[in-house]
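Thanks for sending this one over. Please have a look at the model below, and then go through my notes with it open beside you.

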Amino acid sequence: MSEMDSGGADGPITADSILKSAYERKKPQQQATKVDILDLEELKDWQRRKRTEFETVLKRNRLDIRQWMRYARFEADHNDIRRARSVYERALLVDHGFIPLWIQYIDSELKWKNVNHARNLLDRATNLLPRVDKLWYKYVFLEEALGNVGIVRGIFTRWCSLEPGPNAWDSFVEFELRQSDFENVRNVYSKYVLVHPQVSTWLQWVRFEHMHGDASSVRTVYSMGLDTLTAHSGTPLEDIEQLIESFASWEAEQDEIERARSLYRIALERWPDSHALKEQQVKLEKKFGSSGVEDAVIEKRKAAYEEELESNHYDYSTWWVYLDLLESKYPREVRQAFDRFVDMAQPTNSKIKDMSWKRYVKLCIRYLVYLELTVDDLAATRQLFQRLLDKIIPNKRFTFGKLWIMYAEFEIRQNDLTRARKILGMSLGKCPKPKTFKYYINMEMKLKEFDRVRRLYEKYLDFNPENVQAWLDYAELEENLGDEDRSRAIYKLSLSNSVGLPLNDQLAIFQRFIAFETDASEYDNARALYNEYLILSEYDVNVWINWALFESTIPSQEQLIAYQEAHEGDEDEDEEEEEFTFDITDENKKQTRDIFEKAIAYFKERQDAGKVKQLLESLLEYEMVHGTEETVSKTKQRMPKTVKRKTIVDGIEQEVFVLELPEEPADEINKVSKNLLERARQWQQENSK
């Protein structure tokens, strides 16, 4: 410190002076002891000691992957390939997600010139860690260095099927370019732009076609890029402007000035507020001059659209842009064009709900919105709704729930709730759809017409009894309305054999049913449900644990009676009562431990040491919170032990680790659990009959 002070007096303290002072005060490191090995016996003895040191350190800290890597490198440096592989494989069992371990293992195999083994390792690594680009790059680099072009292409195909980042796709493109296989490059780009539809990807493909394609291929890529970016609602306008500018500049370079002008006109009709597009159009016109009057061009486009629609009434894309043109330039002709569309473009296939019907209905919805909001002709809007739903759409085969809902909402906006209900009821009678049921139910819920809601739920469940969410929503409705008996009956009906819900759905209903009975303070009913839930889940260990912990979350009978007596005169008070709090009693703890013991006995009988260990771990966590030091110690003593055993597999002796259950004397709890399980089996057999 005195040197620092004196240095500060002579001049300012700098980083160099601080580092120099620290270096001068550094204590010299002790050199490692050198070992002179004179013969083979001493070498083997030294290797044995080093291995013992490594194994001792790893026993203390098995998760130290760097120590595993040093151990494996030691064996590899002494050319003991078998031992090195053994250490690597043991390390991978500890943590197979540590990338440097894989890299060192693979590099070791390549150093030993075991190419097939390295290839197998890379295949394992990419299957286990498919999102690690470094492993894929190493894999393709190895195969390409060996000249296996087909294998490299297959690896890239597997990798890109996982939709990785742009770097992987760029590497795939560069590989195909090195092979001069331009068709494969196009195939890669066609998938690349679907996964990463950014403007930079499309421009990258355009640059490739500039070098290796022709004008037709470049124009095709530009067109596909614009269609994709404009169809995607999340594309920033700046990206679209950039692609349009590039496209128009290229068309101008090809002496296709009219194409460039048309491109800007169509873009400005779509985005009239874009200043960048306007500036680009002005630059184009300044450079190449104007050609004719804009009105003449628009009239020509209108005539072309009409000619195309006369030849093909079902070209819905042309109908859409034609109506856009009329709304912006010929507003008086819009309604007449919509009427022609409804009459002329009706799909001929009335058996299947295909894409043509969907596109037709979307344009009809556009007409309905135009009539109501732009023209404000409510009578014509209602008439078009009735015509579409009564005469055009074949409701007996299929329907459009969105159209029925829009019609009902239209009548609600006209303050005609009765007509809206009739429309929704007619929809459910002709061609019921879950979407319509849900909308109708939500509407009546908002109106607090709960009797109507009940009838709708009953019809919904008759229509689709396998919709587990509908059962749960119906039961929750009755629970919120305070009708516990009706809610309980709905739960029981959903679990009956007449409904026949799948197993997973029944388990979900049991969970909600138990929560309902618990909230209703019907704890005996909840216990009975847990018993049925346990049987249905085929004695799942998690159900055992949840049941055991459940017993410590409910009050005892004495606590319930005391609470009720304390609140007997509170009927006239506010319904929002204070929360019922209680302490966990010895009875709660005993019931929880009893269920844990029954579960342990059940899995011990089946020699399932893994499930026993899981139960004992949960019991130990419980005892650490609610038990004593004695109960915690006893639970720890009951834990299964991991035992190393030797086994012969394909004539090779191997060491395996297995769980071994400690022997315990049979006690009364085991007897009770066996009786409980026997009663459960009898109950299951009676219900199956």
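Is E623 buried or exposed? E623 is buried, with a relative accessible area of 3%; here buried means under 20% relative accessible area, exposed over 50%, and partly exposed in between (1.4 Å probe, protein chains only).

Before the points, a word on the source: this is a predicted model, in which local features need pLDDT of at least 70 and side-chain atom pairs count only at pLDDT 80 or more, while totals for chains, interfaces and linings use all residues. Residues are numbered from 1 along each chain as its sequence is written, and side-chain values use heavy atoms, with hydrogens and water left out.

1. The overall picture. The protein chain has 35 helices and two strands, taken as DSSP runs (helices H or I, at least four residues; strands E, at least two) and numbered from the N terminus. Of its 689 residues, 38% count as buried. The accessible surface comes to about 41500 Å², with 49% of that belonging to carbon and sulfur atoms; areas are from the Shrake-Rupley method with a 1.4 Å probe, and for residues only the protein chains shown count as cover. Among contacts (heavy atoms within 4.5 Å) between residues at least 6 apart in sequence, 50% join residues at least 24 apart.

2. Back to E623. The side chain of E623 meets that of R593 in a salt bridge (2.7 Å, N to O). R593 lies in helix α32 (residues 586–605) and E623 in helix α33 (residues 609–626), so the bridge ties together parts that are 30 residues apart in sequence. R593 itself is partly exposed, at 24% relative accessible area. A salt bridge here is a side-chain nitrogen of Lys or Arg within 4 Å of a carboxyl oxygen of Asp or Glu, and the structure holds 46 of them.

3. Another link between helices. R488 and E517 also form a salt bridge through their side chains (2.6 Å, N to O). This pair connects distant parts of the chain, with R488 in helix α27 (residues 484–494) and E517 in helix α28 (residues 503–519), 29 residues apart. R488 counts as buried at 13% relative accessibility, and E517 counts as buried at 1%.

4. D451 is exposed at 51%, whereas R454 is buried at 14%. Both belong to a network of salt bridges that links D451, R454, E478, D483 and R486.

5. V453 is found in helix α25 (residues 450–463) and is buried, with a relative accessible area of 0%. Leaving aside neighbours within four places in sequence, V453 is in contact with I441, E444, M445 and L477. Y474 is 21 residues from V453 in sequence and 8.9 Å from it in space, C-alpha to C-alpha.

6. A nonpolar surface patch. I412, L417 and L447 form a nonpolar patch on the surface, with about 200 Å² of accessible area together. Patch residues have over 30% relative accessible area and no salt bridge; like charges are joined within 9 Å and nonpolar side chains (Val, Leu, Ile, Met, Phe, Trp, Tyr) within 5 Å. L417, in helix α23 (residues 417–430), counts as partly exposed at 31% relative accessibility.
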